[in-house]
Amino acid sequence: MEPAPCLTLQPTDPIFLVLHAFTDAIFDEWMRRFVPSNATFPDEMAPIGHNRDYNMVPFFPPITNEEIYVTSEQLGYSYAVSLDDADGGLPVFVLGSTLGGVFIGLLVLLLIFVLYLRQRKNRGFEPLIKADFTNRKYTEEAVEFTCSDMKNSYT
């Protein structure tokens, strides 16, 4: 079974190249910012082929996962784009995103509540039990009941 034609053309697509180059640039920036030691990568219990000392497939000569996690400068190249966060925009972005999310959540809840009230109004409100209540007091009802019972019992 031969692969689909679109799968064989993907690596030659310029968008494919740009996407993967930018993903590599983001990963390189992460490596430079946090400088993870090789001890952070798992020795065992990772998916097959992803432990620190396993060889990466299909590279030849064999390279372990531990040897591949180096910055671009150590490999002899660099990226033209700098993803540094010098102006402190990340905390502002996170705060704005959080507040925006809360605001949108409250708007959604308000909309759901308004729709519920509108549906309830259109449907008409009916109580679960239809009971007719009178203004007579309990003692008046008791007196009438006992008097009528007494009349019926004598006749």
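Which residues line the largest pocket? In this predicted model, the lining is made by Asp24, Phe27, Asp28, Ile68, Tyr69, Val70, Thr71, Ser72, Leu75, Tyr77 and Tyr79. Helix 2 and helix 4 are the elements that give two or more residues to that lining. Helix 2 gives the most, with three residues. The space in this largest pocket comes to about 150 Å³.

The protein chain has six helices and zero strands, and reading along the sequence gives the pattern α-α-α-α-α-α. Of its 155 residues, 8% count as buried. The chain exposes about 14100 Å², and carbon and sulfur atoms supply 67% of that area. As for how the chain meets itself, take the contacts between residues at least 6 apart in sequence: 38% of these join residues at least 24 apart.

Aspartate 28 lies in helix 2 and is one of the residues lining the largest pocket. Is aspartate 28 buried or exposed? Its relative accessibility is 5%, so aspartate 28 counts as buried, the cut-off being under 20%. Leaving aside residues up to four places away in sequence, aspartate 28 touches Thr71, Ser72 and Tyr79, and Thr71, Ser72 and Tyr79 are themselves among the residues that line the pocket. Aspartate 28 also sits 9.1 Å from serine 78, C-alpha to C-alpha, although 50 residues separate the two in sequence.

Aspartate 28 turns up again among the charged pairs. Side chains of opposite charge can pair when their charged atoms come close. The structure holds five salt bridges, and a network of them links Asp28, Glu29, Arg32, Arg33 and Glu73. Within this group, arginine 33 and glutamate 29 meet through their side chains in a salt bridge, at 3.1 Å from N to O. Both residues belong to helix 2 (residues 14-34), where they are four residues apart, or about one turn of the helix.

What about arginine 52: which residue forms a salt bridge with it? The partner is aspartate 43, and the closest N and O atoms of the pair are 3.1 Å apart. Arginine 52 is buried, with a relative accessible area of 15%, while aspartate 43 counts as partly exposed at 46% relative accessibility.

Away from the charged pairs, there is a nonpolar patch on the surface. The patch covers about 970 Å² and is made by Val102, Phe103, Ile104, Leu106, Leu107, Val108, Leu109, Leu110, Ile112 and Val114. One of these, isoleucine 112, has its place in helix 5 (residues 89-123). At 51% relative accessibility, isoleucine 112 counts as exposed, because that label applies over 50%.

Key
Residues are numbered from 1 along each chain as its sequence is written. This is a predicted model: local features need pLDDT of at least 70, side-chain atom pairs count only at pLDDT 80 or more; totals for chains, interfaces and linings use all residues. Side-chain values use heavy atoms; hydrogens and water are left out. A salt bridge is a side-chain nitrogen of Lys or Arg within 4 Å of a carboxyl oxygen of Asp or Glu. Buried means under 20% relative accessible area, exposed over 50%, partly exposed in between (1.4 Å probe, protein chains only). Contact means heavy atoms within 4.5 Å. Patches are made of residues with over 30% relative accessible area and no salt bridge: like charges are joined within 9 Å, nonpolar side chains (Val, Leu, Ile, Met, Phe, Trp, Tyr) within 5 Å. Accessible areas come from the Shrake-Rupley method with a 1.4 Å probe; for residues, only the protein chains shown count as cover. On a 1 Å grid over the protein atoms alone, a cavity is a set of points where a 1.4 Å probe fits but cannot get out, and a pocket is an open set with protein on both sides within 12 Å along at least five of seven lines; lining residues have an atom within 4 Å of a point. Grid points are joined across faces, edges and corners, and a volume is the space filled by probe spheres set on the points.
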